[in-house]
Amino acid sequence: MTRTHRIAVIPGDGIGVETVPEGIKALDAVAANHDFELEYTEYDFASANYWLKHGKMLPDNWFDELKGYDAIFFGAVGAPDVVPDHVSLWGSLLKFRRGFDQYANVRPVRLLPGIKSPLAGRLPGDIDFYVVRENTEGEYSSVGGIMFPETDREIVMQETVMTRTGVDRILKYAFELAESRERKHLTSATKSNGISISMPYWDERVKEMSAKYPDISVDKFHIDILTANFVLHPDWFDVVVASNLFGDILSDLGPACTGTIGVAPSGNINPERIYPSLFEPVHGSAPDIVGKGIANPVGQIWSASMMLNHLGEHAAGAAILEGIERVLTRGGDALTPDLGGSGTTISLGAEIATEISVAT
Ligand code: NAI
Ligand code: MG
């Protein structure tokens, strides 16, 4: 029986409009070889053009419109010459993440063949781990305020909020991800020496959760030395779980250790599948190269692979990543300029789609 997955496609702004079609090409190529169908509905909101027409980033009924999809395939949002970045981001992507309770932000950190790591001497296979970031609470809270503004008594406070529900559910997600992997190793980012209330609590929850996963080895590092170890010993890591702020930092540092921003994907995941999860490249709308046709489509295509894994299509998700890896291994002119080639978004996307099709 053929399974059908319903996908909301939101290209957004800038190079998102250029890379999303290449992601779809890869999805179509892989679906043709596997026993499922993809049904796409494209939306023009979450973009500067929509904002110019309607004075807002999203229609009022965005939640009801999108909530029934199996996943959201997203490009990028941001056109700072037209809409201020905080308006475009808070008016669209952050609404999706919060409204759809996408509390796990997941980024693979993997050195692909054909890509040179900025870390000296690192080869593909040396770096292969995930950063799992708590995406809804922690240090990014709206609890706080300013008293006596602009006086000598001025006081500014912003509280970190950790709930047992919020901490436990991200830890559970990370432990389960570790369980699905060969090394079965989990690293927790902490700072319980300096942040002496919330971070010891985080450590305590990690300890309690680890009792439920006896086959997973667990270690923890304070965030300062952990960032150093990402650079010095990236081979130590398998799944790294972190609070919102620490995860924000680690999830940029990790992919940066594996080469160009143009190849990194991410998932904003609602693990309970009550709401759709959202898959997008790590990069933004890249106004500096928009319209030139040279945006690297790999981050978008790899996001498509993550989306299929989330939808339970593991063979198809793996086939996309293998297609990417074979094309990158061959290297040469087919690659986009950020990878040293002379290819275009469209030619590299087509090459990967062809590779996926012939590989059956
Ligand atoms: P950016 O990721 O758009 O660009 C940073 C640099 O990387 C630029 O030099 C760009 O040309 C290059 N780059 C990015 N993606 C590339 C690709 N696929 N191939 C080749 N080169 C690539 O980040 P920036 O410049 O800080 O932000 C630009 C806009 O994007 C802003 O409006 C920002 O708010 C938005 N943004 C949106 C995100 C999202 O939708 N999730 C994430 C990050 C930024
Ligand atoms: Mg960030």
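Two strands count as paired if DSSP finds at least two bridges between them. Strand E11 (residues 265-269) and strand E12 (residues 277-281) have four bridges and run antiparallel. Within this pair, Gly267 stands opposite Phe279 of E12. The model is predicted. Its chain divides into domain 1 (1-105 + 261-360) and domain 2 (128-257).

**The sheet**

- Ten strands form an open sheet with mixed pairing. Their order is E2-E1-E3-E12-E11-E4-E5-E10-E8-E9.
- Strand E2 (36-42) and strand E9 (217-222) are the edge strands, and each pairs on one side only.
- On average, neighbouring strands of the sheet are turned by 25° against each other, direction ignored.
- Helix H1 (residues 16-32) packs on this sheet. The helix touches strand E1 (3-12), E2, strand E3 (71-76) and E12.
- The direction of H1 makes about 140° with that of E3.
- As a general point, strands of a sheet pair through backbone hydrogen bonds, either parallel or antiparallel.

- Strand E10 covers residues 239-242. Val239 and Val241 point one way, while Val240 and Ala242 point the other way. All of these residues are buried.
- Strand E5 (residues 128-134) runs parallel to E10, and four bridges join the two. Val131 has Val240 of E10 as its bridge partner.
- Strand E8 (residues 185-190) also runs parallel to E10, joined by three bridges. Here Ser188 has Val241 of E10 as its bridge partner.

**Around ligand 1**

- There are 22 residues around ligand 1. Gly78, Gly262, His283, Gly284 and Asn296 come nearest.
- Helix H4 (residues 85-99) gives the largest share of this shell, three residues.
- By class, the shell holds eleven nonpolar, seven polar and four charged residues.

**The two domains**

- The C-alpha centres of domain 1 and domain 2 lie 26 Å apart.
- Eleven residues from domain 1 and eleven residues from domain 2 take part in the contact.
- On the domain 1 side, H4 and strand E4 (104-110) are the elements that give two or more residues.
- That side of domain 1 has six nonpolar, three polar and two charged residues.

Notes. Residues are numbered from 1 along each chain as its sequence is written. Chains are lettered from A and ligands numbered from 1 in the order in which they are written. This is a predicted model: local features need pLDDT of at least 70, side-chain atom pairs count only at pLDDT 80 or more; totals for chains, interfaces and linings use all residues. A residue is buried if 20 or more other C-beta atoms lie within 10 Å of its own, exposed if 12 or fewer, and partly exposed in between; C-beta atoms are placed from the backbone. Axes are lines fitted to C-alpha atoms, for helices over the stretch in contact, and angles run from 0 to 180 degrees between N-to-C directions. Two residues are in contact if their C-beta atoms, placed from the backbone, lie within 7 Å. A residue is near a molecule or strand if its C-beta atom, placed from the backbone, lies within 6 Å of it. Ala, Val, Leu, Ile, Met, Phe, Trp, Tyr, Cys and Pro count as nonpolar, Asp, Glu, Lys and Arg as charged, and the others, Gly among them, as polar. Domain bounds come from an automatic or database domain assignment.
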